[in-house]
Amino acid sequence: MYESFFNFRTKPFELVPNPDFIYLSKAHRRAMTYLDYGIKEKAGFILLTGEVGSGKTTILRDLLKKLDGRVTVSKVFNTKVTSEQLIAMINDDFGLPVKGKDKVQLLKDLFDFLIGQYAKGYHSVLIIDEAQNLSVELLEEVRMLSNLETDSAKLLQIILSGQPELRRVLSLPELQQFRQRINISCHIYPLTRAEAEEYIFHRLEIAGNKEAVNFSETALDSIYQYSRGIPRLMNIICDFLLLSAFVEETRELSAEMVTDVIGDLELENKYWEFEHAIKAVAGEQAPRAFGEEEQKYYDEIRQLLSALNLRIDALEKDTAKMNPAISGDAGKRLDLYERFLKEHMKKTDGTLAELRRQFEEYGSRKNGGLAAGPREIRRAKKSFFRRFADLF
C-alpha cells in the first residue's frame with residue numbers, strides 16, 4: 001500500500017522469513033558459522049534455539065539456499081504428530097512413497113534411501129523446526145534415527161531448531177543419551193539496541209530506500225523497548241509505523257507515533273503477558289487473582305528464580321576470586337613466602353654447620369685432643385650401638 005509513497009521495491013518489514021532480508025547480528029553470525037561448520041564436518045546433532053521471532057527459521061532458510069547440490073535435505077515443520085507420522089513426513093520430504101506403509105516399512109525405506117545416498121556420495125540432512133513441541137518419546141525416536149550408520153559414517157545428520165523450552169526438555173534425565181549426542185549447540189539472543197537500529201535501516205535499504213523515513217532517537221528507543229530486540233516484533237511495529245506515516249503523509253517518525261502504534265497493536269498484552277504475570281508474582285504490580293493450580297505454578301517459578309539468583313551470586317563471588325588484581329596480590333605473597341623460605345633454609349644450614357663443628361670438636365677431645373676423622377666417628381658410633389646391644 002505504501003511502497004510507492006516511500007519509493008520501496010518491496011515492503012521492508014514483512015513477517016515472512018525472507019533470507020534476502022537476513023541481518024546478521026553477533027548472535028546470528030555465530031549461529032550461521034556453527035551451522036555451516038556442522039554441515040561441512042557432518043556433525044551428528046546440531047541444536048539451534050532462540051525466542052519466538054528471533055530469526056531461527058530465516059537462518060535455516062538461508063542455510064538451505066547455500067547448500068551445494070550434494071546435500072539432500074528433509075524438512076519437518078509440524079512437530080505435533082505421532083511417531084509414525086513423523087517418519088512418514090521425513091520420508092515424504094525425501095521424496096519416498098509413504099502411502100499405505102506402516103512404521104516398519106517406512107524405516108526400512110528410509111534406511112535403504114540413506115544407504116543409496118551415501119553410496120552416491122550425497123550427504124543427507126534432517127531439519128526439524130519447532131522441535132520444542134516434540135514429546136520425550138518422539139525425541140527418543142529422533143535419537144534412534146541417528147543410529148542409522150555405516151561402519152565409518154553417520155547416514156543422517158539432524159538439526160533441531162526450537163524455542164528455549166527445547167533446552168528444558170532436553171535437560172530431562174531420561175534424555176541423557178540424547179544430550180550426549182549433541183555435537184553443536186547455539187542460542188540466538190535478542191538484538192542489542194545498536195543492532196536493532198542497524199536492523200531497521202538494513203531492511204529499509206534492502207527494500208530499496210534506506211532514507212525513506214527519519215526516525216528520531218526516542219522513536220528508535222521506544223521500538224527497542226517494546227520489541228525487546230526481537231526481530232519479528234520490530235517488523236510488526238515498523239510496518240504499522242510506516243502505514244501510520246503514509247496515512248499522515250509524513251516521513252518523520254516520533255516516539256509518540258510509536259506509542260500510538262503500540263497501543264493499537266496491544267503488543268504488551270499479546271506478547272509479554274507471561275512476563276507481566278511473573279512481575280505480579282514478584283509484587284511489582286497489583287497481582288490478579290490466581291486459581292489454586294495457577295498459584296502453585298507461579299510459586300514454583302518464583303522458587304526457581306530465587307535459586308537461580310543464589311547460584312548466580314555464588315558464581316559472581318567465585319569469579320571475583322579470579323580477579324587479575326587479586327591474582328597479582330597472590331603472586332606477591334608467594335614471592336614473599338619464597339624469600340622467607342630461602343632465608344630460613346640459609347639460617348638452618350648455618351645452624352647445622354655449627355652443630356657439625358661442635359660435634360667434631362667434642363670427638364677430638366674424646367680422642368686425647370686429636371681431631372676425629374669420619375672413620376673415628378663411625379667407630380665411636382659402632383661402639384655405642386654395641387654397648388647398647390650388650391645391655392640386653
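The lining of the largest cavity comprises three nonpolar, four polar and two charged residues. The model is a predicted one, in which local features need pLDDT of at least 70 and side-chain atom pairs pLDDT 80 or more, while totals for chains, interfaces and linings use all residues. Residues are numbered from 1 along each chain as its sequence is written, and side-chain values use heavy atoms, without hydrogens and water.

**Exercise 1.** State which residues line the largest cavity, and classify the lining.

*Solution.* Step 1: a cavity is a set of points on a 1 Å grid over the protein atoms alone where a 1.4 Å probe fits but cannot get out; lining residues have an atom within 4 Å of a point. Step 2: the lining consists of Lys42, Ala43, Gly44, His123, Ser124, Lys154, Leu155, Leu156 and Gln157. Step 3: with Asp, Glu, Lys and Arg charged, Ala, Val, Leu, Ile, Met, Phe, Trp, Tyr, Cys and Pro nonpolar, and the others, Gly among them, polar, the division is two charged, three nonpolar and four polar.

**Exercise 2.** Describe the burial of strand β3 and the directions of its side chains.

*Solution.* Step 1: β3 spans residues 123-128; strands are DSSP runs of E with at least two residues, helices of H or I with at least four, numbered from the N terminus.

**Exercise 3.** Identify the strands joined to β3 by bridges, and name a residue pair for each.

*Solution.* Step 1: strands pair if DSSP finds at least two bridges between them. Step 2: strand β2 (residues 71-76) runs parallel to β3 and is joined to it by six bridges; Leu126 in β3 is the bridge partner of Ser74. Step 3: strand β4 (residues 157-162) is also parallel to β3, through four bridges, and Leu160 in β4 stands opposite Ile128.

**Exercise 4.** Locate Glu130 and Glu249, and state whether each is exposed or partly exposed.

*Solution.* Step 1: most residues other than glycine have a negative phi. Step 2: Glu130 has a positive phi of about 55° and sits in the loop between β3 and helix α5. Because its relative accessible area is 28%, Glu130 is partly exposed. Step 3: Glu249 likewise has a positive phi of about 55°, in the loop between α10 (231-248) and β7 (252-253). Glu249 is at 65% relative accessibility and therefore counts as exposed.

How values were computed: Buried means under 20% relative accessible area, exposed over 50%, partly exposed in between (1.4 Å probe, protein chains only). On a 1 Å grid over the protein atoms alone, a cavity is a set of points where a 1.4 Å probe fits but cannot get out, and a pocket is an open set with protein on both sides within 12 Å along at least five of seven lines; lining residues have an atom within 4 Å of a point.
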